[in-house]
Each structure stands twice: as C-alpha cells, then as structure tokens.
Amino acid sequence: MNFNLREIASATMILFAVIDIIGSIPIIISLRNKVGHIQSEKATIVATCIMIAFLFIGEEILKLIGIDVNSFAVAGAFVLFFLAIEMILGIALYRDDVPESASIVPIAFPLIAGAGTMTALLSLRAEFHVENIIVAIVINTIFVYIVLKSSKIIERFLGKNGISIIRKVFGVILLAIAVKLFTSNINELF
C-alpha cells in the first residue's frame, strides 16, 4: 500500500473539479422538481462503483472496442461542451423522456461518473497509485451524497436567482474544462 496524502489531495481536487457537483446543483434541483425524489444513496453507490470499475478496466474496455484514450477524451469534451452551452444559455439541446426517478440515469451516469470523470480517472491512473485514487473517489462521492441529500435546503438558501447565477458561472467553468480536455487531446489524434 502506497498511501500518500499529496497524491490523495491532488486526485481529490482534480476529481472534484471534473465531477463539479456544485455546478450541477441547478441540474439536480431541476431533476428533483421533475421527478419528485432523488435516490441519493443509490446514485452515490452506483457512481462510486462505476468510477472504481472504470479505474481498473476502463483502458482495456476502450482498447477492446478499438478506441484510444485520446478519442474518448475528445468525445467527452463534446459532451461537456454541450452541457455547458445548455447551462449558460438556459436551453435544452437534448430532450429525453422524463425518468420515473433520478438515481442511476442521469445522476450517477453521466452527471457524476460521466465521460470527463472517466477520462480524468484514466489520466490519474498514469500519475498516481491506485489506492490513492480510490480514496479520492470515496471522498468525492461522500461530498456528492451530502449535496444530493441537501438539495432542497440548498435550493431554499440560494433562491431562483442564486441558482441561475451558479448555473451560468459553472457553465462557463465546464466550458473551459471541455476546451482544455479537447485541446490537450486533439493533437494526439493526428
């Protein structure tokens, strides 16, 4: 076991920025208003399992289907880009049937354990020891659980204007993450 506080802190901060649960608060509140209830425990457990499984077998799965990590990162950048556009402009580019409950889809996947998170996990795997990344995943999912459980309180505290401001600010941050993810991986494809 190679536990290292510096690696844990770095991996935690990177995952925190990519998962961006604070920026997802408006989406979570909107989902809760549509479906009535968010299954916080189920979403958190499933997202944790997805991230840990992808940490170990993600690169092999991509190789099996003939996709390199850079292509996956560029695809993830497009997904993040469109999510950011929706947040900034207040429009819905993707319409789907309203789910009966909000747990696995869309909260656990793709909101928490989405393409950006998967790409970040593969990048972290190249730099840090696996046990430190797992600790970082657990720390982030505990924080995610707290945010999911207290979404009603957060909504009352922030109000509609506060949520709108946070949505736009984090939309810009998400857009910047998408651009960075795209530019750092597009050159590797050619």
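Colleague: Leaving aside its neighbours within four places in sequence, which residues is Ile-67 in contact with?

Modeller: A contact here means heavy atoms within 4.5 Å. Leaving aside neighbours within four places in sequence, Ile-67 touches Leu-62 and Phe-72 in that sense. Keep in mind that this is a predicted model, where local features need pLDDT of at least 70 and side-chain atom pairs count only at pLDDT 80 or more, while totals for chains, interfaces and linings use all residues. Residues are numbered from 1 along each chain as its sequence is written, and side-chain values use heavy atoms, with hydrogens and water left out.

Colleague: Okay, and where does Ile-67 sit?

Modeller: Helices (H or I, at least four residues) and strands (E, at least two) are DSSP runs, numbered from the N terminus. Ile-67 sits in the loop between α3 (40–64) and α4.

Colleague: How many helices and strands does the protein have?

Modeller: The count is 8 helices and 0 strands. Reading from the N terminus, you get α-α-α-α-α-α-α-α.

Colleague: How do I read accessibility? Is Asp-20 buried or exposed?

Modeller: Buried means under 20% relative accessible area, exposed means over 50%, and partly exposed is in between (1.4 Å probe, protein chains only). Asp-20 has 8%, so it counts as buried. Ile-67, with 32%, is partly exposed. Across the protein, buried residues make up 42% of the 190 residues.

Colleague: What is the phi of Asp-20?

Modeller: Most residues other than glycine have a negative phi. Asp-20 has a positive one, about 50 degrees, although it is not a glycine. You'll find Asp-20 in the loop between α1 and α2.

Colleague: How many aromatic pairs does a search of the whole structure find?

Modeller: Rings of Phe, Tyr and Trp (its six-membered ring) pair if their centres lie within 6.5 Å; planes under 30 degrees apart are stacked, over 60 edge-to-face, and the rest tilted. The search of the whole structure turns up 3 pairs. In one of them, Phe-78 and Phe-182 have ring centres 5.7 Å apart and planes at 65 degrees, so this pair is edge-to-face. Phe-78 belongs to helix α4 (residues 69–89) and Phe-182 to helix α8 (residues 151–189), so the pair ties together parts 104 residues apart in sequence. Phe-81 and Phe-82 also form an edge-to-face pair, 5.4 Å centre to centre with 80 degrees between the planes. Phe-81 is partly exposed at 33%, and Phe-82 is partly exposed at 44%.

Colleague: What about the largest nonpolar core: how many residues does it have?

Modeller: In soluble globular proteins, nonpolar side chains tend to be buried together. A nonpolar core is a set of buried Ala, Val, Leu, Ile, Met, Phe, Trp, Tyr and Cys residues joined through side-chain atoms within 4.5 Å. The largest one here has 46 residues, and those with the most contacts inside it are Leu-15, Met-51, Ile-107, Ile-112 and Leu-148. Helix α7 gives the most to this core, with 7 residues.

Colleague: Last one: which element has the lowest mean pLDDT?

Modeller: pLDDT is the predictor's confidence in each residue, from 0 to 100. Where it is low, the predicted coordinates should not be read in detail. Among the elements, α4 has the lowest mean at 80, and helix α7 (residues 130–149) the highest at 96. The protein averages 85, with 95% of the residues scoring at least 70.
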